[in-house]
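This report describes spaces and a surface patch in one protein structure. Please consult the sequence and the model while reading.

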Amino acid sequence: MPNTSPGYAVTVRVETPSHSGATSDLVAAVSRSGGELTALDVVESHADRLVVDVTCDAVDAAHAETITKTLTGIPRVRVRKVSDRTFLMHLGGKLEVNPKVPLKHRDDLSRAYTPGVARVCRAIAENPADVRRLTIKRNTVAVVTDGSAVLGLGNIGPAAALPVMEGKAALFKQFAGVDAWPVCLGTQDTGKIVEIVLALSTVYGGINLEDIAAPRCFEIERQLREQLDIPVFHDDQHGTAIVVLAALTNALRVVGKQRPEIRVVVSGVGAAGHAIVKLLLAQGVRDIVACDRRGVVHRGRGEMDPARQWIADHTNPRGLTGTLTESLRDADVFIGVSAPNLLTGDDIATMADDAIVFALANPDPEVDPLAARAHAAVVATGRSDFPNQINNVLAFPGFFRGMLDAGAHEITESVMLAAATAIADRVGPDELNASYIVPSVFDRQVAPEVAAAVGRAANREADRA
């Protein structure tokens, strides 16, 4: 059975007769149905009955229902209520606004609001640059989406995207102290999105584009970067590319290979794949073959959109054609940012010795990690229940923290490399191994170290300009 996940945790409140084996029966039922018990709480105790909350992780929603039915099948046990713990976390949203200043009496109110605030308004009107010093702009990021490419769910729209954007904002605050806010736009028109973001940018010190489908995301990012003096960062592109480069840096250290020597196959040429290819090329990887649904992207394939044409013009030096599986033969590295279950363990077996596999499709990777491990030296996924989780939270909080602190907005390859290097170097030589090539997402030093490295790189770029 696939691994259980806290993302499918349920609490089942049951009423059971009071006897010596009551709780043991509940535990056995969860085990029998393949659930992972995480808590067992007696919430009511009576002479003849117990009320017990049984909390466990399931594989998916259907499996949670199976666990519930198994509990119901215990003689004389009645299920009172089933609570999905993920939905409980999202009730009422995950964000709130709290004032940073006290508002306890009339003096506070006079300074925070009228009449005192008028003096601050006039100061900004006379010197617009003071808006960064005297307002939330210096520490606030807009998390902007149109809901067109949300996680692995596709084009589900801006309202359905809001829980993801709330989560993103919470991560900004938790890991880097950045105040971020969801901006879910009810349009998927490129021009309108650019116009809206330009209009609201007065409030924000940075723009994080999120879950916008390719190729539209490329044009939106380009136009916003040209017209704004604040950092514009498409996390699906650059955040993913930064963490992939960091992980690959350490994976190559584990297997003793060098970037110029390796053959890399990338599955997926959307936002993430395109950015990964560009960053790897910039860092000296010479032999990259990129694949989409039609197979290998190559110059002779016929009409392609501009993003794929760029891939065709800058990769595949050996002129390969054919399928993803065929291109994998003798490759040193596979990086998947595409779709689930495209490959088998036998496909991984055709790769070079000491192969590296990054199967990052979520929630189901391109190849079963256990099958890949039978043949590859290093395996990473985007999941938290396997070693080597490639997670953008390693990059974007610290990246924005560094850009905001430096007052910078030019996002260059050297700045992204600085972030990747900081993430990679957080894993010390004495810690580095095939199952630990990136630091934990809960390592509290990652964001500060990324921020410091990004700030230094941004300042160097400004000095050279």
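A residue is called buried under 20% relative accessible area, exposed over 50%, and partly exposed in between (1.4 Å probe, protein chains only). Because its relative accessibility is 49%, valine 101 counts as partly exposed. The model is predicted, so local features need pLDDT of at least 70 and side-chain atom pairs pLDDT 80 or more, while totals for chains, interfaces and linings use all residues. Residues are numbered from 1 along each chain as its sequence is written, and side-chain values use heavy atoms, without hydrogens and water.

Valine 101 lies in the loop between α3 (85-90) and α4 (106-112). Together with Leu103, Leu109 and Tyr113, Val101 makes a nonpolar surface patch of about 420 Å².

A cavity is a set of points on a 1 Å grid where a 1.4 Å probe fits but cannot get out; a pocket is an open set with protein on both sides within 12 Å along at least five of seven lines; lining residues have an atom within 4 Å of a point. The whole structure holds one cavity of 30 Å³ or more.

| Space | Volume | Lining residues by class |
|---|---|---|
| Largest cavity | about 60 Å³ | seven nonpolar, two polar, one charged |
| Second largest pocket | about 1100 Å³ | 20 nonpolar, six polar, nine charged |

The lining of the largest cavity includes Phe175, Val393 and Asp443. Which residues lie nearest the centre of the second largest pocket? They are Val97, Asn98, Lys100, Ile136 and Asp179, among 35 lining residues. Helix α7 (158-176) is one of the elements giving two or more residues to this lining, and its four residues form the largest share.

Note on methods
Patches are made of residues with over 30% relative accessible area and no salt bridge: like charges are joined within 9 Å, nonpolar side chains (Val, Leu, Ile, Met, Phe, Trp, Tyr) within 5 Å. Accessible areas come from the Shrake-Rupley method with a 1.4 Å probe; for residues, only the protein chains shown count as cover. A salt bridge is a side-chain nitrogen of Lys or Arg within 4 Å of a carboxyl oxygen of Asp or Glu. Grid points are joined across faces, edges and corners, and a volume is the space filled by probe spheres set on the points. Ala, Val, Leu, Ile, Met, Phe, Trp, Tyr, Cys and Pro count as nonpolar, Asp, Glu, Lys and Arg as charged, and the others, Gly among them, as polar.
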